[in-house]
Amino acid sequence: MRRLLRNQAALLLAVGGLYLLATVLAGTFLNVYLWKSRQNFAMIGWFTVAQQLAVGLSFWLGGKWVKEHNKMNALRLGIAVSGFFYLLVLWLRGEAVYYIWPLGLILGLSIGFYWLAFNIVFFEITEAGNRDFFNGWMGLLGSLTGIVGPWVSGSLISLWHGDKGYRIVFILSLCIYGVAAVLSFGLEKRPRGGIYLWLEPWRELSRKESPWRPAAAALLFQGVREGVFSFLIGLLVYIAAREESKLGQFALITSAVSLISYYAAGKWFKPGARFRGMLAGSLLLAAFILPLLWKVNYATLLIMGIGTSLCIPLYMLPMTSTSFDLMGVSEESAGKRVELVVLRELSLMTGRLIGLLIFIAVLSVNQSPQAVTWLMLLLGTAPLWGWLVLRRLLKQGAGLKHTKIT
C-alpha cells in the first residue's frame, strides 16, 4: 500500500476513479430526476448550457490559482462543490426544476475546478510515450465505474420508489466524494508555475502557424457532439423504457463493452495508429446512430450504445493524447501548460454550447422523434470534421518530442 501511495500516477487514478464513481452514481439519473418533475427537453438543454458556461469560466479564472498557487486545493474544491451541489438537490427536491440556472452554474464550477487541476497534474506526471497508456487506464476506470454506478443507483431507485431512492443515491455519492477528497491529500504538492497569462489562449490561436489552431477546431467539433449526447442518450433510454432499472442496465452493458475496448486500446493503441484510428472511430460513431432512423426504442438505443462503446477509444485517445502532447513539445509550451489546458477546455466548451444551442433551437420548432433522431445524426458527424482538421497533426504526432516535467 505504501508503494502504491508513492506512485502519484496510481494515486491520481484512484482519486479520479472515485470521483467518476460518485459522479456516475448520481449523475446518470440527475437529468431523469429533473425530467420527472417537468418533461421539457429545452429545460435540460438550458441546464447543460449553464453547466458549460460555468465550466469554461472556472477554467479561465481558476487558471491563475492553479498556476500560481496550490493546484491540489483547486482539485479538492471541485470535489467539495460537487458534494454541495447534491446537497442542494436533496434540499430542493421537486423544486429543483425552478432553479436550473443556479444549479447548473454550481455543478459547472465543480466540474471546472476539478478537471482543471486533474488535467494539469495528469500532464505533469505522464509523458508522450505513456500518455495513451494512462488515457487507456482512465477510460478503463470510467468503464468500471460506469458498470457499477448506474446499476447500483438504478437498483436502489427501483427498490425505493419515489424520491426516497434518489435521496439514497445522492447521499451515497456524497460519501464517495468525501473519500476521494481525503485520498487526494496523498497527492504531492506540485511545483508552482510562473505568472498566469490571462490572454494566452487567444494569443496562441492568433499565431498563424500554431498547431493549436487545428487542435482547437477538432476539440470544438468534439464538443458539438458531447454537449448534446452527454445528457440526451440517457434521457431517451428512460423515455423509451420508463424504468430507471432499464437505464441502469443500459449503462451497465455499454460500460462493460467500453471496459473491454478501453483495455484493448490502452494495451495496443500506439501513437502511430492515431491517424487511421481516429478516422475509423469518427466514421463508426456516426454509423451507429443510423439504427435510430428506423425506430427509437430500447433495442435500437442499445445497439447504438454498444457500438459507440466499442469504437469511442479509437476517437478519444488520439484527441486527448494529441492535445496533451502539444503542451510538451518545448520548454516554452510546457511552461504555459495551464493556459493551454484552459485553451483546450474553452474550445470544448464552445463546441458544446454550439451543439446545445442548435439542439434547443431545433426542438423549439419541432419536438417530434424524427427531428430528434436526424439532429442526433447531424451532430454525430461532428467527430469526422474534427478528424479532417486534425489529420496532418495526427500524422506528425508519433514524432513529437516531449519535455519532461519535474
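Guide: Two rings of Phe, Tyr or Trp count as a pair if their centres lie within 6.5 Å. This is a predicted model, and the structure holds 22 aromatic pairs.

Visitor: Why is the pair of Phe41 and Phe359 called edge-to-face?

Guide: Their ring centres are 6.2 Å apart and the planes sit at 85 degrees. Edge-to-face needs planes over 60 degrees apart, so Phe41 and Phe359 qualify.

Visitor: What makes that pair a tie between parts of the chain?

Guide: Phe41 belongs to helix α3 (residues 41-68) and Phe359 to helix α15 (residues 337-365), so the pair links parts 318 residues apart in sequence. Both Phe41 and Phe359 are buried, too.

Visitor: Okay, and why do Trp60 and Trp202 count as edge-to-face?

Guide: Again, check distance and angle: the centres are 5.9 Å apart, within the 6.5 Å cut-off, and the planes are at 80 degrees, over the 60 needed, so the pair is edge-to-face. Trp60 is in helix α3 and Trp202 in helix α8 (residues 200-206), so this pair ties together parts 142 residues apart in sequence.

Visitor: Which charged end sits over the ring of Phe229?

Guide: That's Arg225, whose charged end is 4.4 Å from the ring centre. Likewise, the charged end of Lys246 sits over the ring of Tyr298, 5.0 Å from its centre.

Note on methods:
Residues numbered from 1 in each chain as written. Predicted model: local features only at pLDDT ≥ 70, side-chain atom pairs only at ≥ 80, totals over all residues. Heavy atoms only, no water. Phe/Tyr/Trp six-rings, centres within 6.5 Å; stacked < 30°, edge-to-face > 60°. Helix = DSSP H or I, 4+ residues; strand = E, 2+ residues; numbered from the N terminus. Buried < 20%, exposed > 50% of the residue type's maximum accessible area, 1.4 Å probe, protein only. Lys NZ or Arg CZ within 6 Å of the ring centre and 35° of its normal.
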